[in-house]
Amino acid sequence: MSSPPPAACPTAANDIVFSYVGYFSQSLITAMAETLRRELQEHEQDSRTRRRLFSSFVEMSQNILRYSADTLTPPAQPTDELRHGALSLHRQDEHYLLCCANPVRSVQLDGLRRRLDSVCRMDPAQARAAHRDGLRGVPPDGSKGAGLGLLTLARDASSPLDYALRPLDDGAGHLFSLRMTI
Amino acid sequence: MPMLFLPATACSPEIDFQPAAHRLSLTGESYPEHAAGFYAPLLDALREYLAAPADAPFQVEMSLRYFNSSSTKVLFTLMGLLDNAAREGRAVTMLWHHDAEDDTLQEFGEELSDDFPDLAITCLAHHTDS
């Protein structure tokens with residue numbers, strides 16, 4: 001059996017803490033974040049792990065909300081957006097695996113690939129340094145946030161991030177997926 | 001100039017800006033959908049307030065349990081406004097509250113002290129029983 005492609009996530013049901021595929025909105029993200037926080041309070045003893053999971057959940061879900069090419073609201077609308085993606089949290093042995101995916105338009109590919117290649121080469125300590133530099137500088141072109149989202153994820157992960165960009169069957173774009181271990 | 005008060009929501013902090021009393025506090029969570037838009041009224045009000053002379057120190061207090069990456073950038077911009085004012089002779093004090101076990105918040109407070117040396121920043125660690 002071949003090993004899974006990069007950024008694929010385990011599908012065994014008993015590993016899943018939560019899994020959502022659908023349209024994201026800020027109200028949904030807030031509700032899920034609060035629920036996740038309460039659940040982690042019960043099930044995860046380490047406060048640093050709880051915080052990193054919460055932060056990473058928010059960053060990944062808001063990345064989908066900001067950047068997914070599958071949008072029900074006009075792309076230029078800055079609030080009350082509805083965009084499609086997938087986000088799941090898994091337990092694997094002593095680690096957590098947090099995975100997200102969303103479609104991206106082909107025109108976004110090059111810039112996205114460049115940023116991802118850069119961030120996914122960093123270990124958490126390098127990501128922390130890059131994050132500090134990013135705070136003081138100008139956001140990268142095309143970034144609605146501060147360009148710090150990926151670095152925030154990379155900084156909190158226990159190993160470098162892993163991503164994949166696969167062409168979609170409809171030829172209209174690609175599926176971007178990202179995986180991190182905490 | 002008028003005060004600015006925004007009650008906290010589940011994903012955005014309470015903002016309590018009282019120019020007449022020379023106080024500003026931010027309390028709660030910060031992961032609104034559009035951080036720049038959310039904080040714009042406060043930044044505008046701050047710029048106006050800091051441009052005018054004042055006879056009392058400006059006391060800023062922050063108790064943010066969590067802030068997302070977009071909020072982090074905006075907070076840094078806010079600190080920059082305060083730091084500029086401090087460098088031009090305005091007395092500004094900042095109380096940075098954080099959970100004692102939260103290394104991210106603690107580090108951010110320390111980075112603020114490094115990056116904004118003209119601000120008098122005091123980091124206060126709070127111990128909770130959880």
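Predicted model: local features only at pLDDT ≥ 70, side-chain atom pairs only at ≥ 80, totals over all residues.
**Entry 1: the interface as a whole**

I began with the two chains together. I found 34 residues of chain A and 25 residues of chain B in the contact. The buried area comes to about 2,400 Å² between chain B and chain A, and 46% of it is on carbon and sulfur atoms.

A reminder to myself on the number: the accessible area lost when parts come together is often used to give the size of an interface.

**Entry 2: polar contacts and the chain B side**

Next I looked up the polar pairs. The interface of chain B and chain A has 18 residue pairs in polar contact, with both residues at pLDDT 80 or more. I wanted to know which elements of chain B supply at least two residues each to the side that touches chain A. These are β4 (58–67), α2 (69–87) and α3 (103–115). Of the elements, α3(B) gives the most, with seven residues. Sorted by class, this side of chain B holds eleven charged, seven polar and seven nonpolar residues.

**Entry 3: salt bridges**

How many salt bridges does the structure hold over all chains? I have 17 written down, and eight salt bridges are found across the interface of chain B and chain A.

I went through several pairs one by one.

- R128(A) and E107(B) meet through their side chains in a salt bridge, at 3.5 Å from N to O. This pair crosses between chains, with R128(A) in helix α4 (residues 124–136) of chain A and E107(B) in helix α3 of chain B. R128(A) has a relative accessible area of 40%, so I put it down as partly exposed. E107(B) is partly exposed too, because its relative accessibility is 28%.
- R136(A) forms a salt bridge with D115(B), and their closest N and O atoms are 2.7 Å apart. Here again the pair runs between chains, from helix α4 of chain A to helix α3 of chain B. The relative accessible area of R136(A) is 41%, which means partly exposed.
- D114(B) pairs with R132(A) in a salt bridge, at 3.8 Å from N to O.
- R155(A) and D156(A) form a salt bridge within chain A, with 3.8 Å between the closest N and O atoms. R155(A) is buried because its relative accessible area is 17%, and D156(A) is buried at 6% relative accessibility.

I also noted one network, in which salt bridges with shared partners join R48(A), R51(A), D102(B) and D103(B).

**Entry 4: R50(A), a buried arginine**

Then I turned to R50(A), which sits in helix α2 (residues 47–67) of chain A. Which side chain of opposite charge is nearest to R50(A), and how far away is it? It is E101(B), at 5.2 Å. R50(A) is buried and has no salt bridge.

A polar atom of the R50(A) side chain does lie 2.7 Å from the backbone oxygen of E44(A). With neighbours within four places in sequence left aside, R50(A) is in contact with L40(A), Q41(A), E44(A) and Q45(A).

**Entry 5: G149(A)**

G149(A) belongs to helix α5 (residues 149–156) of chain A. Buried or exposed, I asked of G149(A)? The relative accessible area is 11%, so G149(A) counts as buried. Beyond neighbours within four places in sequence, G149(A) is in contact with E59(A) and, in chain B, with S69(B). I also checked H131(A), 18 residues from G149(A) along the chain, and their C-alpha atoms are 9.1 Å apart.

**Entry 6: M3(B)**

My last stop was M3(B), in the segment before β1 (4–6) of chain B. M3(B) counts as exposed because its relative accessibility is 52%. Even so, M3(B) touches D16(B), F17(B), Q18(B) and P19(B), with residues up to four places away in sequence not counted. Q18(B) is 15 residues from M3(B) along the chain, and 4.7 Å separates their C-alpha atoms.

Terms used: Residues numbered from 1 in each chain as written. Chains lettered and ligands numbered in written order. Heavy atoms only, no water. Contact = heavy atoms within 4.5 Å. Buried area = accessible area lost by both parts, 1.4 Å probe. Salt bridge = Lys/Arg side-chain N within 4 Å of Asp/Glu carboxyl O. Polar contact = N/O pair within 3.5 Å; in protein donor to acceptor, adjacent residues only side chain to side chain. Helix = DSSP H or I, 4+ residues; strand = E, 2+ residues; numbered from the N terminus. Nonpolar A, V, L, I, M, F, W, Y, C, P; charged D, E, K, R; others polar. Buried < 20%, exposed > 50% of the residue type's maximum accessible area, 1.4 Å probe, protein only. Lys, Arg positive; Asp, Glu negative; His and termini not counted.
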